[in-house]
Amino acid sequence: MLILKQEGTARVHSRTIHSNATPKKFASPDYFGIVGLTMTSVVERHSLKAPTPPRTIGFITASAIVIANIIGTGIFTSLGFQLPGIQSAFALLMLWIVGGITALCGAICYGELSAALPRSGGEYHFLSEIYHPAIGFMAGFVSATVGFAAPIALAAMAFGKYFRGVFDFGSPVVLSFVLVWVVALFHFGNLRLGSAFQNLWTIVKLFLISVLIGAGFLVEQKQAITFLPQPGDTGSVFSGAFAVALVYVMYSYSGWNASTYIIGEVKEPERNVPRSLFAGTIVVMAAYVLLNAVFLLTTPMQEMRGRIEVGLIAGKHIFGTDGGRIVGALICLGLVSTISSMTWIGPRVTMSMGEDHWLLRLLGKKNSQGVPTNAMIVQLLIVTLLLLTRSFESVVQYTQFSLLICSLLAVLGVVVLRVKRPKILRPYRVWLYPLPPLVFAAITFWMILYLLCSKTMESLAGLGTAIVGFALYFCAAKPLGRSA
């Protein structure tokens with residue numbers, strides 16, 4: 001093992017047999033000796049890291065985080081934005097099936113990355129290890145600025161509108177602000193309280209969706225539609241409108257990689273993280289396909305076209321006006337789970353960046369319970385700014401473009417890592433490799449291309465955010481423990 005000291009901070013360069021191993025401290029004073037170990041991976045830096053937080057999150061909580069992080073604003077809003085370009089019930093349902101398959105392929109790939117490179121941080125950590133720290137910093141910057149803050153803001157906007165529509169009380173903007181700050185208070189406490197809070201609201205959300213699906217299929221007056229393919233449906237599925245609509249679907253599925261951001265707090269991460277990604281995505285995929293089928297069967301398409309509150313509209317057709325209000329109230333409660341999961345996960349990415357870069361070192365600080373309080377406060381401030389924009393559709397397109405780029409690089413990183421570091425220990429491997437990463441890459445690139453052509457300004461804004469993060473690394477983000 002070779003230890004190089006610089007400005008009072010030791011940086012460790014080591015090759016170990018297991019990628020999850022930590023550098024060992026030898027009793028011998030000969031720190032400059034050569035240790036005969038098989039070289040397979042570079043151990044991460046620890047210069048400013050606080051003590052490792054306790055691993056309190058099991059498979060159930062990790063799966064709950066994935067489910068809660070996926071099921072959010074999108075499922076109750078996306079269908080309204082898909083209907084203007086697609087009128088085929090078969091094509092609309094195929095959107096959710098294709099989106100689910102894409103998310104599942106991504107989850108399987110992230111499972112291998114999380115097992116081979118076990119550290120909190122998601123794409124920030126993966127891309128730094130696979131490609132270059134600048135690429136990882138770019139992904140972390142996107143996640144820290146819009147990746148989590150924007151969905152929190154969107155969910156809070158929806159909460160305010162649903163709450164106002166159901167109870168006819170309060171300002172939607174004020175309600176949004178109050179909700180995000182109250183939820184954050186639970187996560188400022190400790191990890192066990194956050195776990196209990198997360199599991200509770202995930203159960204509420206799944207109960208709501210189960211009730212909607214069950215009641216929807218029992219409604220006697222159904223719309224005159226069929227989910228079987230009809231003439232012309234093939235053209236709809238391979239159209240540009242389908243590709244753009246798929247962006248909204250992937251926004252609804254975003255979060256399938258949730259547990260990779262908190263690997264450091266998961267028990268047996270090499271086993272529980274891949275399992276939670278797969279199980280959570282499968283549950284959500286089934287729920288999404290069934291729920292959208294219920295929306296289309298019970299509610300006229302023209303009533304939902306271009307509308308945000310499709311859940312409330314469909315609820316009125318399923319349960320009547322008063323029942324629709326109850327559905328709206330339950331959706332409000334379900335959105336709390338989404339905001340909670342992203343409030344939990346987002347600061348962990350910023351924290352990982354703060355541990356590695358001097359410019360952000362204050363964000364790497366944790367309290368005595370292992371909660372990254374500074375990073376959480378910064379995320380809340382960004383959410384507060386986004387809540388003032390009140391632009392739902394543009395924020396989705398802008399956010400998804402930059403996030404699609406990061407997830408595409410991460411999934412392709414499975415292939416790159418197998419070529420660059422074939423001997424690294426992989427407790428979990430991608431099934432049917434290399435099919436899942438290739439399927440994910442093909443569908444994602446298709447979306448990026450059509451989104452860039454049809455929503456140019458929003459796409460360029462998202463690309464600009466990624467470029468700013470990339471440039472910031474070279475301008476100011478000096479890595480801790482490295483020479484300038």
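## Briefing: surface patch, helices, cysteines and salt bridges

Val182 sits in helix 7, which covers residues 172–187. The model described here is predicted. A search of the whole structure gives three salt bridges and zero disulfides.

**Surface patch**

- Val174, Val178, Val182 and Phe186 make a nonpolar surface patch of about 310 Å².
- Val182, one of the residues in this patch, has a relative accessible area of 40% and is therefore partly exposed.

**Helix 11**

- Helix 11 runs over residues 269–298 and has 30 residues.
- At 1.5 Å a residue, helix 11 should span 44 Å, and its end C-alpha atoms lie 42 Å apart, so the two values agree.
- Most of helix 11 is covered, with 21 of its 30 residues buried.

**Thr399 in helix 15**

- Thr399 belongs to helix 15, made of residues 392–420.
- Thr399 is buried because its relative accessibility is 4%, and the cut-off for buried is under 20%.
- Leaving aside residues up to four places away in sequence, Thr399 touches Val146 and Ala150.

**Cysteines**

- A disulfide is a covalent bond that joins the sulfur atoms of two cysteines.
- Cys332 has a relative accessible area of 3%, so Cys332 is buried.
- Cys453 counts as exposed, because its relative accessibility is 58% and the cut-off for exposed is over 50%.

**Salt bridges of Glu112**

- Arg418 and Glu112 meet through their side chains in a salt bridge, at 2.8 Å from N to O.
- This pair links distant parts of the chain: Arg418 is in helix 15, Glu112 is in helix 3 (residues 89–116), and 306 residues separate them.
- Arg418 counts as buried, because its relative accessibility is 18%.
- Glu112 has a relative accessible area of 1%, so Glu112 is buried.
- Glu112 also forms a salt bridge with Arg426, where the closest N and O atoms are 3.3 Å apart.
- Arg426 is buried, because its relative accessible area is 8%.

- Arg421 and Glu129 form a salt bridge whose closest N and O atoms are 3.6 Å apart.
- Here too the pair links distant parts of the chain: Arg421 lies in the loop between helix 15 and helix 16, Glu129 lies in helix 4 (residues 123–130), and the two are 292 residues apart.
- Arg421 counts as buried, because its relative accessibility is 12%.
- Glu129 counts as partly exposed, because its relative accessibility is 23%.

How values were computed. Residues are numbered from 1 along each chain as its sequence is written. This is a predicted model: local features need pLDDT of at least 70, side-chain atom pairs count only at pLDDT 80 or more; totals for chains, interfaces and linings use all residues. Side-chain values use heavy atoms; hydrogens and water are left out. Patches are made of residues with over 30% relative accessible area and no salt bridge: like charges are joined within 9 Å, nonpolar side chains (Val, Leu, Ile, Met, Phe, Trp, Tyr) within 5 Å. Accessible areas come from the Shrake-Rupley method with a 1.4 Å probe; for residues, only the protein chains shown count as cover. A salt bridge is a side-chain nitrogen of Lys or Arg within 4 Å of a carboxyl oxygen of Asp or Glu. Helices (H or I, at least four residues) and strands (E, at least two) are DSSP runs, numbered from the N terminus. Buried means under 20% relative accessible area, exposed over 50%, partly exposed in between (1.4 Å probe, protein chains only). The expected span of a helix is 1.5 Å times one less than its number of residues. Contact means heavy atoms within 4.5 Å. A disulfide is a pair of cysteine sulfur atoms within 2.5 Å.
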